[in-house]
Amino acid sequence: MVTKQYEGTPEEAADLRRADSLAREIFADIANKWALLIIEALGERTRRFSELRDDVEGVSHKMLTQNLRMLERNGLVDREVHPTVPPRVEYTLTEPGRALRATVDAMCDWTHRYLGDIETSRSRFDA
């Protein structure tokens, strides 16, 4: 993701720099604990705001709202408002959101696989 000397046309180099910049921006948005936990909590099904708040332990109303808006802005979550009283709002992962969830799952699998190695290394380092 680091744009180095590119040997294509100036237009192609500019496109590559724009893509790198966008990737950095998206990574900065989603690389927080709440976004990843929300993505995991949504899983493969539609959830209401209150369900997400209950499932994402420790998240405040404000942080859940901010992160859901950011995920929606980045096209990872769809938000549907049903015209009831009070309004019912539901959230669902989009196709890109489901693909990201698979990546998050792979990161969790990596953590489980190497947990012993990580703990051993930390013990040696902290001693």
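Guide: First, a definition: the radius of gyration is taken over C-alpha atoms, and the globule rule is 2.2 Å times the number of residues to the power 0.38. This is a predicted model, where local features need pLDDT of at least 70 and side-chain atom pairs count only at pLDDT 80 or more, while totals for chains, interfaces and linings use all residues. Residues are numbered from 1 along each chain as its sequence is written, and side-chain values use heavy atoms, with hydrogens and water left out.

Visitor: What radius of gyration does the protein chain have?
Guide: It has 19 Å, whereas a compact globule of 127 residues would have one near 14 Å. Along the principal axes, the C-alpha atoms fill a box of roughly 60 × 50 × 25 Å.

Visitor: And how many helices and strands?
Guide: Five helices and three strands. The order from the N terminus is α-α-β-α-α-β-β-α. Helices (H or I, at least four residues) and strands (E, at least two) are DSSP runs, numbered from the N terminus.

Visitor: Take α4. Why does its span agree with its 13 residues?
Guide: α4 covers residues 61-73; at 1.5 Å a residue it should span 18 Å, and its end C-alpha atoms are 18 Å apart. The expected span is 1.5 Å times one less than the number of residues.

Visitor: Which residues of α4 are buried?
Guide: Leu-64, Thr-65, Asn-67, Leu-68, Met-70 and Leu-71. Buried means under 20% relative accessible area, exposed over 50%, partly exposed in between (1.4 Å probe, protein chains only).

Visitor: What follows α4?
Guide: Gly-75, with a positive phi near 75°.

Visitor: Now the other side. Where is Ser-60?
Guide: In the loop between α3 and α4. Ser-60 counts as partly exposed because its relative accessible area is 33%. From Ser-60 to Glu-119 is 59 residues in sequence and 30 Å in space, C-alpha to C-alpha.

Visitor: Which residues does the cis peptide bond join?
Guide: Val-85 and Pro-86, with omega about -10°. Pro-86 sits in the loop between β2 and β3.

Visitor: Back to the whole chain. How much of it is buried?
Guide: Buried residues make up 27% of the 127.

Visitor: What about contacts between residues at least 6 apart in sequence?
Guide: Of those, 45% join residues at least 24 apart. Contact means heavy atoms within 4.5 Å.
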